[in-house]
Structure formats: C-alpha cells, structure tokens
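Subject: Structure for your review

Dear colleague,

Please find the sequence and structure below. A summary of what was found follows.

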Amino acid sequence: MRNLLEIVLITGMSGSGKSIALHSLEDAGYYCVDNLPPELLSPFVALQEQRGASKVAIAMDGRSATSLHSVPEQLKQLRSQGVAVRSLFLDAKTDTLVRRFSETRRFHPLSRINASNQHRTLVDAIEAERELLCEIREQAHVLDTSMIRSSQLQGYVKSLVSAPINQLTLVFESFAFKRGVPLDADYVFDVRMLPNPHYESGLRHLTGRDDGVANYLRSQVEVNDMFNHIEHFISHWLHALVRDHRSYVTVAIGCTGGQHRSVYLAEALALSFSKRWNTLKRHRELDVKTRPEPPAALVS
C-alpha cells in the first residue's frame with residue numbers, strides 16, 4: 001500500500017526568500033532538503049515513501065539550470081502516481097532582488113557565463129533566471145516577497161500548506177497601489193475610486209477590519225456595487241478554474257494606502273466565499289505593521 005506522502009516544492013528567484021520559506025516548513029514538521037538536483041527528485045520521493053515519510057519540502061532554483069526543464073514533467077508523473085504535490089514559486093521585483101544581492105554582497109548563481117570566467121551583470125543574471133524558471137512559475141502558486149518581511153513570508157507559507165490540497169483555495173489580498181501591484185495576483189481590482197475613510201477624522205487611524213470603517217463603507221452604494229461586481233466575476237469563473245486544476249487563486253484588492261477600502265473588501269469577500277470555498281486573507285500593508293522586526297534581506 002502506498003504511503004500518503006505530501007511534497008511541497010519551493011522554487012523561485014534567487015534572493016526571493018526560499019531558505020526562509022524552507023525553514024518555516026521545517027518548523028512545521030516537514031523533512032526539508034535544499035537545492036535538490038532535479039535528476040534526484042523521483043528517486044528521492046521513492047526513498048521517502050519507503051521510509052514512511054508523510055511531509056517533505058524540497059527547494060530548487062537556478063543553481064540546477066541545466067536540468068530544471070525536467071521538473072514540470074516529473075511533478076505531473078508524481079501526481080499521477082498519487083503523490084500530493086504543492087508547488088510554491090517565490091518571486092520579487094528585479095530592483096528588490098538587486099538591492100538584496102547588493103546588501104548581502106553575494107554573487108548571483110547565474111552570474112558566471114562559462115568556464116572562461118566571463119560574467120553577466122546582476123540585472124542580466126536575474127532576467128536570465130526569470131526566463132529559465134518561467135515554465136515552473138506558470139505551474140506553481142506564486143508568492144511575491146518584494147514588500148514583505150521574513151515573518152510575513154513564514155506565516156504565508158504555513159497558511160498555504162495548511163489548506164486542503166485537493167480543493168481550490170481563494171486568497172484575498174489587500175494592498176496599496178503606492179507600493180506596487182503584487183506579482184502573485186491572479187486578478188487585480190482597483191477600488192481607489194470608492195469613498196475614502198481616510199478623510200473622515202474619526203476613521204483615519206482605523207483599518208478596514210474595524211467596525212467603524214466597515215459600517216461607513218457598508219453604507220456607501222458604490223462600495224456595495226463594487227463588492228457585488230467582484231463577487232459575481234469571481235463566482236462566474238471559479239468552476240472553470242477548478243477544471244483547470246488550480247490549487248490557489250489570488251484576488252488582489254488595491255486602494256491608495258492599503259488600510260481601509262481594500263482591507264474591508266478583502267475581508268468581506270473572504271467571508272462571503274468561505275461559505276462555499278476554502279479562503280485565506282492577506283493584508284500586505286497591515287501585516288508589515290503588525291509583525292514588527294528589524295529590517296533584513298530575504299536571501300536565497
């Protein structure tokens with residue numbers, strides 16, 4: 001009888017935080033392996049099944065450049081054999097990755113072109129890796145680490161792997177347009193045209209999770225219209241997404257500061273869809289404020 005084995009594959013851009021994600025899974029009870037060569041993926045999984053392992057996390061990245069092309073087919077085969085596979089891809093904006101490598105003074109793994117010691121610029125190496133990993137990214141759930149701290153990333157990864165693996169999970173994420181659109185969004189809705197509680201003196205320092213702000217926004221016709229339109233759009237396409245074998249769908253709601261309107265709508269939509277679907281909530285700007293820690297680069 002086949003052991004029930006769950007595999008979490010963590011891939012992504014160098015400097016996006018894969019080591020931090022792997023450590024969070026180790027804390028959650030996963031047996032973790034970093035930088036496993038793709039050629040060893042199937043034999044390694046077979047070994048873990050023989051050992052009776054139940055939860056394994058594996059990290060791969062551009063250091064395995066010559067054999068990464070085989071990963072999508074191997075994952076397909078593992079799923080066909082009954083192995084529960086989650087694939088997470090960590091991404092970040094190029095300027096963020098450049099800053100992180102500059103802060104740590106590390107070489108990018110694709111900086112060296114050949115044995116003659118020729119080197120790419122850092123930006124060229126990042127873009128080469130982005131192209132190399134594009135197929136794996138297309139088949140994974142993407143986490144944008146550009147704007148988040150390590151504690152946020154750890155929390156996000158743990159919440160994602162705790163969701164039922166054979167059911168679609170909806171992730172509702174609020175964000176501030178002034179800090180950029182999340183790279184991990186499957187759908188982005190702009191709600192900056194809605195009435196803004198920031199201009200109400202009693203509400204300015206509250207958030208969309210507070211009753212005062214929620215009551216104010218709930219009383220606005222435009223806000224209710226926006227909620228209904230987004231809910232209808234997502235509901236209309238959900239079953240098609242399920243047929244496409246999607247495990248996660250991220251719906252990003254953006255306003256100016258990521259504190260009031262986007263937070264309220266992300267909360268309201270998550271509550272509405274939670275009656276029929278698995279849902280997770282993320283508030284990019286609020287999570288930064290509620291998880292204080294000294295600045296630190298997300299590396300590897």
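The largest pocket is lined by 34 residues, and Arg79, Gln139, His245, Arg246 and Ser247 are those nearest its centre. Two or more lining residues come from each of helix H3 (71–80), strand E4 (84–91), helix H6 (134–138), strand E5 (141–144) and strand E8 (248–255). The volume of the largest pocket is about 1000 Å³. By residue class, its lining holds 15 nonpolar, 9 polar and 10 charged residues.

This is a predicted model, in which local features need pLDDT of at least 70 and side-chain atom pairs count only at pLDDT 80 or more, while totals for chains, interfaces and linings use all residues. Residues are numbered from 1 along each chain as its sequence is written, and side-chain values use heavy atoms, with hydrogens and water left out.

The terms used for the pocket are as follows. On a 1 Å grid over the protein atoms alone, a pocket is an open set of points where a 1.4 Å probe fits, with protein on both sides within 12 Å along at least five of seven lines; lining residues have an atom within 4 Å of a point. Points are joined across faces, edges and corners, and the volume is the space filled by probe spheres set on them. Ala, Val, Leu, Ile, Met, Phe, Trp, Tyr, Cys and Pro count as nonpolar, Asp, Glu, Lys and Arg as charged, and the others, Gly among them, as polar. Helices (H or I, at least four residues) and strands (E, at least two) are DSSP runs numbered from the N terminus.

His245, one of the residues nearest the pocket centre, lies in the loop between H9 and E8. His245 is not a glycine, yet has a positive phi of about 65 degrees. Its relative accessibility is 71%, so His245 counts as exposed (exposed means over 50% relative accessible area, buried under 20%, and partly exposed in between, with a 1.4 Å probe and protein chains only).

Ile253 is in contact (heavy atoms within 4.5 Å) with residues including Glu173, Phe175, Phe189, Ile230, Leu265 and Leu269, neighbours within four places in sequence being left aside.

Strand E6 is largely enclosed by the rest of the structure, because 8 of its 8 residues are buried. Thr169, Val171, Glu173 and Phe175 lie on one side, with Leu170, Phe172, Ser174 and Ala176 on the other. E6 runs parallel to E8, to which 8 bridges join it, and Ala176 has Cys255 in E8 as its bridge partner. E6 also pairs in the parallel sense with strand E9 (residues 278–283), over 6 bridges, and there Ser174 stands opposite His283. Pairing requires that DSSP finds at least two bridges between the strands.

Strand E5 is likewise covered on both faces, with His141 and Leu143 buried on one side and Val142 and Asp144 on the other. E4 and E5 pair in the parallel sense over 4 bridges, where Asp91 stands opposite Asp144. In the loop between E5 and H7 lies Ile148, which is buried with a relative accessible area of 7%. The C-alpha atoms of Ile148 and Ala92 are separated by 9.9 Å, although these residues are 56 apart along the chain.

Helix H1 (residues 18–27) has 7 of its 10 residues buried, so it is largely enclosed by the rest of the structure. The cover over its buried residues includes strand E1 (6–12), strand E2 (31–34), strand E3 (55–59), E4 and helix H7 (150–162). Just after H1, Gly29 takes a positive phi of about 100 degrees.

Finally, Asn35 is found in the loop between E2 and H2. Asn35 has a positive phi of about 60 degrees although it is not a glycine, and is partly exposed, with a relative accessible area of 28%.
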